[in-house]
Amino acid sequence: NSLGNLNEEFVYMQRDFEEQLKLKEDFVKVSAELETAIDENEQEAKRCSVRITGTSCNIKDSDEQLATKCLKVFNEGEIAMSKSDFKRIRIIGKTAVVDFNSWSARVRANAYNRLNKGKRQKIRVQANLTKHQFGLLQWTQQQIKQQLTDKYGNDLSNLQRKDNVFAFAN
């Protein structure tokens, strides 16, 4: 009888364990879905902003100084922009993050790299991505660069424009 009781208890514990495992799997799935939704919401909030690297903007600059410096970057880059296009400018590390009042201003700003490609400027305008999205972008770029290196060797400067996916990156 005690062996039968132990067997019943074992079966009960096994069912309990399976239920707990199922709950954990459900929790992990819901957690991943929530993380994705949060990231998508955060990216949507960053939709009308860009990151500018290589500027003379400093964390000690006033809002007016930041607006003037960013406006100078765009105007020197032949991008029609005015201070009224800027909603907010802040410094994160050595990067200026510019929030625009409209999507059309954001689109104009995004043209900076393409219009100034051959000018050898250290300034770069990029989409303001979430950490997750930026990590995916970096991983993808590394994978593509590795495939191009495997195919063409380490010197990718001689690639034709159609083969060099980085020629089209913003």
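**Close-up views of a predicted model**

**View 1. Arg51 faces a residue of β4.** Arg51 stands opposite Gln126 in β4. The structure shown is a predicted model. Strand β1 spans residues 49-53, and β4 spans 124-127. The two strands, β1 and β4, pair in the antiparallel sense. Four bridges connect β1 with β4.

**View 2. Four strands form an open sheet.** The strand order is β2-β3-β1-β4, and the pairing is antiparallel. Strands β2 and β4 stand at the edges with a single partner strand each, so one side of each has no neighbour in the sheet. From one strand to the next, the twist averages 25 degrees. Strands of a sheet pair through backbone hydrogen bonds, in a parallel or an antiparallel sense. Six bridges link β2 and β3, in the antiparallel sense. Strands β1 and β3 also run antiparallel, joined by five bridges.

**View 3. Strand β3 and its bridge partners.** Thr53 has Thr95 of β3 as its bridge partner. Ser49 stands opposite Asp99 in β3. Ile91 is bridged to Ala96 of β3. Ile92 stands opposite Thr95 in β3.

**View 4. Strand β3 is mostly covered.** Six of the six residues of β3 are buried. Thr95, Val97 and Asp99 point one way from the strand. Ala96, Val98 and Phe100 point the other way. Residues on either side of β3 are all buried.

**View 5. The hairpin of β2 and β3.** Two residues lie between the strands of this hairpin. Gly93 takes a positive phi near 65 degrees there. Strand β2 spans residues 86-92, and β3 spans residues 95-100.

**View 6. Helices α2 and α3 lie across strands of the sheet.** Helix α2 lies across β1, β2, β3 and β4. Relative to β2, α2 runs at about 100 degrees. Helix α3, residues 103-110, lies across β1, β3 and β4. Relative to β3, α3 runs at about 145 degrees.

**View 7. An aromatic cluster of four residues.** Phe74, Phe86, Phe100 and Tyr112 form one aromatic cluster. With ring centres required to lie within 6.5 Å, the count for the model is four aromatic pairs. The ring centres of Phe74 and Tyr112 are 6.4 Å apart and the planes stand at 85 degrees, so this pair is edge-to-face. Phe74 belongs to helix α2 (residues 63-76) and Tyr112 to helix α4 (residues 112-115), so their pair ties together parts 38 residues apart in sequence. Phe74 counts as buried because its relative accessibility is 0%. Tyr112 is buried too, at a relative accessible area of 2%.

View 8. The centres of the Phe86 and Phe100 rings are 5.9 Å apart and the planes meet at 45 degrees, so the pair is tilted. Phe86 lies in strand β2 and Phe100 in strand β3, so the pair ties together parts 14 residues apart in sequence. Phe86 and Phe100 are buried. A pair of aromatic rings is described by the distance of the centres and the angle of the planes.

**View 9. A charge over a ring.** Arg47 lies over the face of Trp103. The distance to the ring centre is 4.4 Å.

**View 10. Thr68 reaches Lys83.** Thr68 sits in helix α2. The side chains of Thr68 and Lys83 make a polar contact at 3.1 Å. Thr68 is partly exposed, with a relative accessible area of 39%. Cys57 is eleven residues from Thr68 along the chain, and their C-alpha atoms are separated by 9.6 Å.

**View 11. Glu78 has a positive phi.** The phi of Glu78 is near 65 degrees. Most residues other than glycine have a negative phi. Glu78 lies in the loop between α2 and β2. Its relative accessibility is 59%, so Glu78 counts as exposed.

**View 12. Gln142 on helix α5.** Gln142 is found in helix α5, which covers residues 131-152. Gln142 is exposed, with a relative accessible area of 54%. From Gln142 to Lys60 the C-alpha to C-alpha distance is 35 Å. In sequence, Gln142 and Lys60 are 82 residues apart.

How values were computed
Residues are numbered from 1 along each chain as its sequence is written. This is a predicted model: local features need pLDDT of at least 70, side-chain atom pairs count only at pLDDT 80 or more; totals for chains, interfaces and linings use all residues. Side-chain values use heavy atoms; hydrogens and water are left out. Rings of Phe, Tyr and Trp (its six-membered ring) pair if their centres lie within 6.5 Å; planes under 30 degrees apart count as stacked, over 60 as edge-to-face and the rest as tilted. Buried means under 20% relative accessible area, exposed over 50%, partly exposed in between (1.4 Å probe, protein chains only). A charge sits over a ring if NZ of Lys or CZ of Arg is within 6 Å of the ring centre and within 35 degrees of the ring normal. Two strands pair if DSSP finds at least two bridges between them. Axes are lines fitted to C-alpha atoms, for helices over the stretch in contact, and angles run from 0 to 180 degrees between N-to-C directions. Contact means heavy atoms within 4.5 Å. A polar contact is a pair of N or O atoms within 3.5 Å; within protein, one must be able to donate a hydrogen and the other to accept it, and residues adjacent in sequence count only if both atoms are side-chain atoms.
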